[in-house]
Every structure is written in structure tokens, then in C-alpha cells.
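User: I am new to reading protein models. Could you take me through this one by question and answer?

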Amino acid sequence: MGQVEATTERIVTGKPEDVFDALADYRETRPRLLPQQFSEYEVREGGDGEGTVVHWKLQATSKRVRDCLLEVSEPSDGQLVEKDRNSSMVTTWTVTPAGEGKSRVVVTSTWTGASGIGGFFERTFAPKGLARIYDELLAKLAAETAQTAQ
């Protein structure tokens, strides 16, 4: 079993604090950003950053659906961490300045992968698939924050 990692990043219009606030808003903004691979979305506790508990199902492939129950923390400024209570998956969102009125958003998911041949395929293909899903989410975030910045 090895560690699997998927990372995606994008420069978006908007001040870092505004972009971070949009990502940390699990009640209103986050549901609008989720691509079709997410279903059964539900905020169970909180709803704004630290202390939020949120549930969703993530359909990574036609056969693979991950039932996620995430606990949200904010370990440092501009950083949002989602730890899945149902697996080893941890997703970290980091928002930093990227020039005047722009922000860099980096999302990294890590988890303990399977062993054997299944693990090989997981380490080979899962990061690309998850990166595509998060790239779509970041595109929606970019559209959302561009509207807000106007």
C-alpha cells in the first residue's frame, strides 16, 4: 500500500480572503461549485469552515463511488483541510495571493492506496481522474469569484 496524491491548481480572480471565504462556505457557495460527480451533499454540522461536518458521495469512475463524511479544519490562514472519517483521504485547499486581485488555489488530496495490481492502477489513474474533477470545481470557483469581484 502506498500513498496516492492528486493535485490541481488554478489562478482565480478575487482577493485571497474572498476566495477562501467562498470555499469555506459549505452551506451556500460550495454546493454550487460541485461537479456532477458529487451527490447526496449535506451539511451535518456548522457550515462555515472550521468545525463543519459535511457528507457527499463522490463518483470517481462509473464503478467507484466513495461515501465521504468530512470534518473541516483551518490549520493556518488560507488553508482548509477536509479529513474523511470514512477513509484515509485528506483534501487540503490552500489559497494564496497571485498578484493584484488574484489568488492561487491549490487542492491536494492524499490517501492510502490499495496494494497489488489494483493499487498500481489506482496510483496510475486515480490522481488524473480526481484532478479532472477538481479542475472542474476550480473552474466554477473562478466563475463565482469573478462575478463577486466585479
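User: Is Ala98 buried, partly exposed or exposed?

Analyst: This is a predicted model, where local features need pLDDT of at least 70, side-chain atom pairs count only at pLDDT 80 or more, and totals for chains, interfaces and linings use all residues. Residues are numbered from 1 along each chain as its sequence is written, and side-chain values use heavy atoms, with hydrogens and water left out. Buried means under 20% relative accessible area, exposed means over 50%, and partly exposed is in between (1.4 Å probe, protein chains only). Ala98 has 24% relative accessibility, so Ala98 counts as partly exposed.

User: Where does Ala98 lie, and which residues does Ala98 touch?

Analyst: Helices (H or I, at least four residues) and strands (E, at least two) are DSSP runs, numbered from the N terminus. Ala98 sits in the loop between β6 and β7 (102-112). Its C-alpha atom is 7.0 Å from that of Ile11, 87 residues apart along the chain. Contact means heavy atoms within 4.5 Å; leaving out residues up to four places away in sequence, Ala98 touches Ile11, Ser103 and Arg104.

User: How many helices and strands does the chain have?

Analyst: From the N terminus on, the order is β-α-α-β-β-β-β-β-β-α. That comes to 3 helices and 7 strands.

User: What percentage of the residues of the chain count as buried?

Analyst: The chain has 150 residues. Among contacts between residues at least 6 apart in sequence, 49% join residues at least 24 apart. The buried share of the chain is 44%.

User: How many aromatic pairs does a search of the whole structure find?

Analyst: Rings of Phe, Tyr and Trp (its six-membered ring) pair if their centres lie within 6.5 Å; planes under 30 degrees apart count as stacked, over 60 as edge-to-face and the rest as tilted. By this rule, the search finds 3 aromatic pairs.

User: What kind of pair do Phe38 and Trp56 form?

Analyst: The centres are 5.3 Å apart and the planes are at 85°, an edge-to-face pair. Phe38 is in strand β2 (residues 38-45) and Trp56 in strand β3 (residues 53-59), so the pair links distant parts of the chain, 18 residues apart. Phe38 is buried at 10% relative accessibility, and Trp56 is buried at 3%. The kind of pair is edge-to-face.

User: Which helix holds Tyr134, the partner of Trp93?

Analyst: Trp93 and Tyr134 pair edge-to-face, at 5.4 Å centre to centre and 90° between the planes. Trp93 lies in strand β6 (residues 90-97), 41 residues from Tyr134. Trp93 counts as buried because its relative accessibility is 1%, and Tyr134 is buried at 4%. The helix that holds Tyr134 is α3 (residues 116-149).

User: Which residue lies over the face of Trp93?

Analyst: A charge sits over a ring if NZ of Lys or CZ of Arg is within 6 Å of the ring centre and within 35 degrees of the ring normal. Here the distance from the ring centre is 4.8 Å. The residue is Arg30.

User: Which residue forms one aromatic cluster with Phe38 and Trp56?

Analyst: Phe38 and Trp56 already form a pair. The cluster also includes Tyr41.

User: In which strand is the place of Glu40?

Analyst: Most residues other than glycine have a negative phi. Glu40 has a positive phi of about 50° although it is not a glycine. Its place is in strand β2.
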